[in-house]
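Biologist: Please take me through one part of this model closely. I would like the sheet and the helix packed on it, and then what surrounds them.

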Amino acid sequence: MQTLTDIADEYSFLDPDDRYRLLIDLGKSLEPMPDPLKTDATLVRGCSAAVWVYPTVAGDGTLHFLADSNAAITKGIIALVLTSVQDKPADAILATDIPEALAPFDLKNQLSSNRTQGIPNMIGLIRATAERYV
């Protein structure tokens with residue numbers, strides 16, 4: 001899995017159209033989320049597209065998230081968010097400033113507000129999950 005820094009380095013050299021393509025490719029690389037997990041309970045509220053996030057806990061206590069969306073760009077944004085927290089212990093996730101980690105992507109200026117409005121809710125759900133396991 002690429003690091004967020006590696007992705008940001010590549011992203012910084014791309015023009016807007018290629019940035020969209022990169023996000024779409026990142027979304028395609030998400031681990032598949034089984035349809036039965038896409039329920040009202042896993043739906044992230046406040047997103048313009050449907051977004052589902054399902055947390056799991058590994059035997060070593062790290063958190064692993066399955067996620068999906070019905071929109072290609074949104075799946076890419078999810079992939080960015082998950083790259084910053086995937087397979088980390090709950091305390092490390094809580095110590096991660098996810099908005100700061102995403103700052104190099106300047107998503108608010110690169111994408112429409114419809115595409116970015118649900119990011120805080122996704123982050124909130126991930127943080128709330130981590131808080132339950134600290």
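Modeller: First, a term: angles here run from 0 to 180 degrees between N-to-C directions, with axes fitted to C-alpha atoms. Keep in mind too that this is a predicted model.

Start with helix α3. α3 lies across β1 and β2, and runs at about 170° to β2.

Three strands make up an open sheet, ordered β1-β2-β3, with antiparallel pairing. β1 and β3 (88-89) are the edge strands; each has a single partner, so one side of each is left without a neighbour in the sheet.

Take the β1 and β2 pair next. 7 bridges link β1 and β2 in the antiparallel sense. The two strands form a hairpin, with 4 residues between them. In that turn, glycine 61 has a positive phi of about 90°. Tryptophan 52 stands opposite aspartate 68 in β2. Proline 55 stands opposite phenylalanine 65 in β2.

β2 also pairs with β3. Here 2 bridges join the strands, again antiparallel. Threonine 62 is opposite proline 89 in β3.

How is β2 covered? Of its 8 residues, 8 are buried. Both faces are covered. One side carries Thr62, His64, Leu66 and Asp68, and the other carries Leu63, Phe65, Ala67 and Ser69.

Back to α3, and its helical partner. The axes of α3 (residues 72-83) and α8 (residues 119-132) come within 11 Å and cross at roughly 35°. The crossing is right-handed. From α3, the contact uses Ile77, Ile78, Val81 and Leu82; from α8, it uses Ile119, Met122, Ile123 and Ile126. By class, that contact has 8 nonpolar residues, no polar and no charged ones.

Next, the core. The largest nonpolar core has 35 residues. Those with the most contacts inside it are Phe65, Leu80, Leu82, Phe105, Leu107 and Ile126. Elements that each supply at least two core residues include β1 (51-57), β2 (62-69), α3 and α8, along with α1 (4-12) and α2 (16-28). α3 gives the most, with 7 residues. In soluble globular proteins, nonpolar side chains tend to be buried together.

Leaving aside neighbours within four places in sequence, leucine 107 is in contact with Tyr11, Ile77, Leu80, Thr116 and Ile119. Ile77 and Ile119 also belong to the contact of α3 with α8.

Note on methods
Residues numbered from 1 in each chain as written. Predicted model: local features only at pLDDT ≥ 70, side-chain atom pairs only at ≥ 80, totals over all residues. Heavy atoms only, no water. Left-handed = near helix turned anticlockwise from the far one by under 90°. Contact = heavy atoms within 4.5 Å. Nonpolar A, V, L, I, M, F, W, Y, C, P; charged D, E, K, R; others polar. Core = buried A, V, L, I, M, F, W, Y, C linked by side-chain atoms within 4.5 Å. Buried < 20%, exposed > 50% of the residue type's maximum accessible area, 1.4 Å probe, protein only. Pairing = 2+ DSSP bridges.
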